[in-house]
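Subject: A structure for you to look at

Hello,

Here is the structure I promised to pass on. Please open it beside this email and follow along as you read.

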Amino acid sequence: MNSTPTRIHLPKGGVLFADGDQPSSAYLVESGEMEISTRVRGQRMVLSRLGAGELLGEMAVFDTGPRSATATACVDTVLYVIDPEQVSERLAKTDPVIRALIESLLRRYRGMLETYRLAEPRWGAQAEVPSFERVHADAIVHADGEPSMHPTGVDKLRLESQLREALAHDGLDVRYQPILDIARQRVAGYEALIRWNHPVRGPVSPLELVGLAEESALIVQVGEYVFDTACAAVRRLVEAGAQPSPFIAVNVSARQLEHPGLIERVVARVDAAAVPRGSLKIEFTESQALDPALVRQAIELCHQHGIGVALDDFGTGYSHLTQMHRFEFDTLKIDQGFIGALLHEPRARAVVEAIIAMARALGAQIVAEGVESDETLAMLRTLGCDFAQGYLIGEAQPLDAILASLRAR
Ligand code: C2E
Ligand code: CA
Ligand code: CA
């Protein structure tokens with residue numbers, strides 16, 4: 001994780017960046033007011049004043065040209081730091097035509113500024129008080145005037161910055177939902193589920209969190225946080241005497257897989273944590289189709305290091321039958337949609353029976369998700385399902401609660 005601050009408190013009169021500074025990021029005003037000024041033919045000129053929800057220094061996320069204006073706090077001001085990575089990934093995925101237009105506009109804007117400033121000295125060099133950016137070598141950018149992003153884009157950037165802050169300052173949490181070994185009637189392991197209690201919004205759905213993190217490279221850090229936390233949790237469960245040694249399953253989305261080296265780093269962490277072999281599993285969940293070459297590579301690597309691989313949400317979206325004969329999944333998780341209908345819909349029961357038979361033939365284990373009643377569990381036992389997960393068995397709990405119940409036994 002880099003050491004760039006995620007949030008800055010700038011006192012009144014504080015200079016965030018000065019003209020000529022080397023930029024490193026953009027900013028979003030959270031509260032307070034910033035003044036953007038420049039000098040034209042020796043005269044100081046105020047370009048704009050920016051309040052809460054407005055962006056400044058955003059050109060730094062596009063290129064590394066020196067700042068062309070100075071940003072000063074009019075009052076005590078709080079700013080979120082927008083990491084260039086938050087934008088660069090999105091820009092890379094943007095329609096090439098739109099990208100070309102943005103790049104062309106930027107070149108024109110810089111050209112215009114240069115024309116204005118001909119024969120002007122570099123003002124940054126004259127700043128009496130070094131700017132925040134100059135003091136913090138890895139700080140930011142280049143000021144321009146009007147905020148250019150759509151409000152929903154700004155909301156996303158703010159949420160992303162808050163997520164980065166949560167990652168850096170212990171604001172995320174992992175809960176563990178028990179998975180029951182149906183035949184032995186005991187908890188065999190847990191699924192790690194990320195939680196974010198946003199200071200203002202309250203709990204943010206993990207699907208929203210993961211979706212947001214996937215839009216930038218932040219998903220890499222989120223994923224590594226979950227793996228580190230899960231590895232530490234396995235250790236503590238083993239130390240607490242959990243018998244037999246339980247497993248923890250961690251979710252990895254298709255987009256996470258696209259980041260090179262992700263699985264290698266996961267494997268290195270699992271090895272470094274020296275947790276018992278087989279105590280970490282990966283669940284592939286899909287926000288888009290899985291890339292077959294990447295999945296095959298990931299499964300091979302996991303198997304070399306004793307990490308089991310599950311196909312999650314089976315029967316929905318992209319987790320279709322073609323995945324089954326192509327890849328050696330160890331576990332198949334039947335989506336809760338089928339399990340919820342099991343008792344009342346004969347066709348759902350027929351599908352679940354067929355999935356169980358198929359998994360048997362392929363040597364994979366089966367987890368039924370969303371088990372909420374005793375009747376459903378009894379039916380799953382009759383059908384020969386291996387594991388059950390759902391509110392009947394237990395909701396996702398903090399590690400300490402699980403450790404406390406182990407000790408109470
Ligand atoms: P999932 O992997 O299918 O996880 C199971 C979801 O079903 C969890 O929702 C869980 O709380 C919920 N659930 C468990 N038992 C029951 C039940 O009996 N009834 C019902 N109705 N729901 C039940 P949650 O925690 O909101 O997570 C939603 C999704 O977010 C997960 O679906 C997973 O796709 C994703 N996710 C969560 N944590 C992570 C993570 O660390 N990394 C990644 N990439 N994705 C994650
Ligand atoms: Ca899952
Ligand atoms: Ca699932």
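Which residue stands opposite Leu56 in β6? It is Tyr27. Before we go further, a word on the ground rules: this is a predicted model, where local features need pLDDT of at least 70 and side-chain atom pairs count only at pLDDT 80 or more, while totals for chains, interfaces and linings use all residues. Residues are numbered from 1 along each chain as its sequence is written, chains are lettered from A and ligands numbered from 1 in the order in which they are written, and side-chain values use heavy atoms, with hydrogens and water left out.

The sheet

Tyr27 faces Leu56, and strand β3 (residues 26-31) pairs with β6 in the antiparallel sense over 2 bridges. Helices (H or I, at least four residues) and strands (E, at least two) are DSSP runs, numbered from the N terminus. Two strands pair if DSSP finds at least two bridges between them. In general, strands of a sheet pair through backbone hydrogen bonds, either parallel or antiparallel. Here, 4 strands make an open sheet in the order β1-β8-β3-β6, with antiparallel pairing. Its edge strands, β1 (7-10) and β6 (55-56), each pair on one side only.

Donors are N, O and S atoms within 2.8 Å of the metal (3.2 Å for Na, K and Ca); water is not among the atoms, so sites may look incomplete. Glu191 is buried at 4% relative accessibility, and Glu283 is buried at 2%. Buried means under 20% relative accessible area, exposed over 50%, and partly exposed in between (1.4 Å probe, protein chains only).

Asp312 bridges the calcium ion (ligand 2) and the calcium ion (ligand 3), which lie 4.0 Å apart. Is Asp312 buried or exposed? Asp312 is buried, with a relative accessible area of 3%, whereas Asp313 counts as partly exposed at 25%.

Two helices

Helix α6 (residues 218-239) and helix α14 (residues 399-408) have axes that come within 10 Å and cross at roughly 10°. Axes are lines fitted to C-alpha atoms, for helices over the stretch in contact, and angles run from 0 to 180 degrees between N-to-C directions. Angles under 35 degrees count as roughly parallel, over 145 as roughly antiparallel, 65 to 115 as roughly perpendicular and the rest as oblique. So α6 and α14 are roughly parallel to each other. Ala233, Arg236 and Leu237 in α6 meet Leu399, Asp400, Ile402, Leu403 and Leu406 in α14; contact means heavy atoms within 4.5 Å.

One more residue

Finally, find Ser37 in strand β4 (residues 34-40). Ser37 is buried at 5% relative accessibility. Leaving aside residues up to four places away in sequence, Ser37 touches Arg44, Met45, Val46, Leu47, Ala69 and Thr70.

Best wishes
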